[in-house]
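Please walk through the following model from its overall architecture to its individual side-chain pairings, keeping the sequence and the three-dimensional view side by side.

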Amino acid sequence: MIVKKDKAALNPKSDVKYQGRKTSRAGSEQRRRLILEAALRIVIREGVRGIRHRAVAKEADVPLAATTYYFKDIQELINDTFAFYAEQALEVVNQFSMRLYEPLSGGDGKSFIDVIANSEGMLDIIADNMAQYVIEQITQHRDALIAEQAFRYEAILNLHLRKLGREHKQALMQKLLNLMALVQSPNPLEDANIVVALIHRMEYEGLLVEPDQLNREEIKSTFLRQLTLMFAVKGSI
């Protein structure tokens, strides 16, 4: 297999599904979005269990009847708040996938292993992009990461949210599986799982410190070490 220049494979359309009442007018959709934005802000401040119809209506500055009109019960509101979060999170990952693709697009028909062998800095470039992604997530998308942690915890206790969480994880995993296939990973599923786990761990640890305490070089070195082990490149760290 060669390095294919198929950006669509790395940037598929979002498949997020909402469960609440469907809207047909622009004004109705805008109000529905206001409610979901308000619910997500509550998740960031108080966790998923802070979502209540009255609290969300107050946060969104809409009548209480509006939240019960669009969402028949709390579970449906929670589910769609997660879907709203997941849609935005997938868009960020799409952008990262495209950026990560760029250093791979110069292979010109060569296998990724051959590209690495003839380009000492290839893994360094990929590790640098991964480190930059983690830094940007922590510094520019901090609220989204906090929401993700809140949803992840609640999914342990909430069967409905657990199912949505698995679907979201599968969407993210598919992007990494596409990438691993693109770069001819000898063990694409295992490598994708390792990279996802590593990113999640670094994001979580990054939330526990102040942004100015983040060590970019340490993050990059960790990614570079893992990539080196994955592709068994001689002469690397």
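## Fold, cores and charged pairs

At 26% relative accessibility, Asp128 counts as partly exposed, the term covering residues between the buried class (under 20% relative accessible area) and the exposed class (over 50%), with a 1.4 Å probe and protein chains only. Its salt-bridge partner is Arg216, with the closest N and O atoms 2.8 Å apart, where a salt bridge is a side-chain nitrogen of Lys or Arg within 4 Å of a carboxyl oxygen of Asp or Glu. This pair links distant parts of the chain, since Arg216 lies in helix H11 and Asp128 in helix H7, 88 residues apart. Arg216 is likewise partly exposed, at 26% relative accessibility.

The model is a predicted one, in which local features need pLDDT of at least 70 and side-chain atom pairs count only at pLDDT 80 or more, while totals for chains, interfaces and linings use all residues. Residues are numbered from 1 along each chain as its sequence is written, and side-chain values use heavy atoms, with hydrogens and water left out.

The protein holds eleven helices and zero strands, both taken as DSSP runs numbered from the N terminus (H or I over at least four residues for helices, E over at least two for strands). Of its 237 residues, 46% are buried. Among contacts (heavy atoms within 4.5 Å) with a separation of 6 or more, 74% join residues 24 or more positions apart.

In soluble globular proteins, nonpolar side chains tend to be buried together. A nonpolar core is here a set of buried Ala, Val, Leu, Ile, Met, Phe, Trp, Tyr and Cys residues joined through side-chain atoms within 4.5 Å. The largest such core has 38 residues, of which Met130, Tyr133, Val134, Val195, Ile219, Phe223 and Leu227 touch the most other members. Two or more residues come from each of helix H5 (74–101), helix H7 (122–140), helix H9 (159–182), helix H10 (188–207) and helix H11 (216–231), and H7 gives the most, with ten residues. Leaving aside neighbours within four places in sequence, Phe223 is in contact with Ala127, Met130, Ala131, Val134, Leu198, Ile199 and Met202. A second, separate core of 28 residues includes Ile51, Val62, Tyr70 and Phe84.

Polar side chains are also found in buried positions. Asn94, in helix H5, is buried with a relative accessible area of 6%, and its side chain makes a polar contact with the side chain of Lys175 at 2.5 Å; such a contact is a pair of N or O atoms within 3.5 Å, where within protein one must be able to donate a hydrogen and the other to accept it, and residues adjacent in sequence count only if both atoms are side-chain atoms. Glu136, in helix H7, counts as buried at 19% relative accessibility, and touches Arg99 and His141 when residues up to four places away in sequence are not counted.

Returning to the charged pairs, the count comes to twelve salt bridges. Arg33 pairs with Glu37 at 3.1 Å between the closest N and O atoms, and both residues lie in helix H2 (residues 26–46), four residues apart, or about one turn of the helix. Arg45 and Glu46 meet in another salt bridge (3.8 Å, N to O), and these two residues are also linked with Arg41 and Glu59 in a network of salt bridges.
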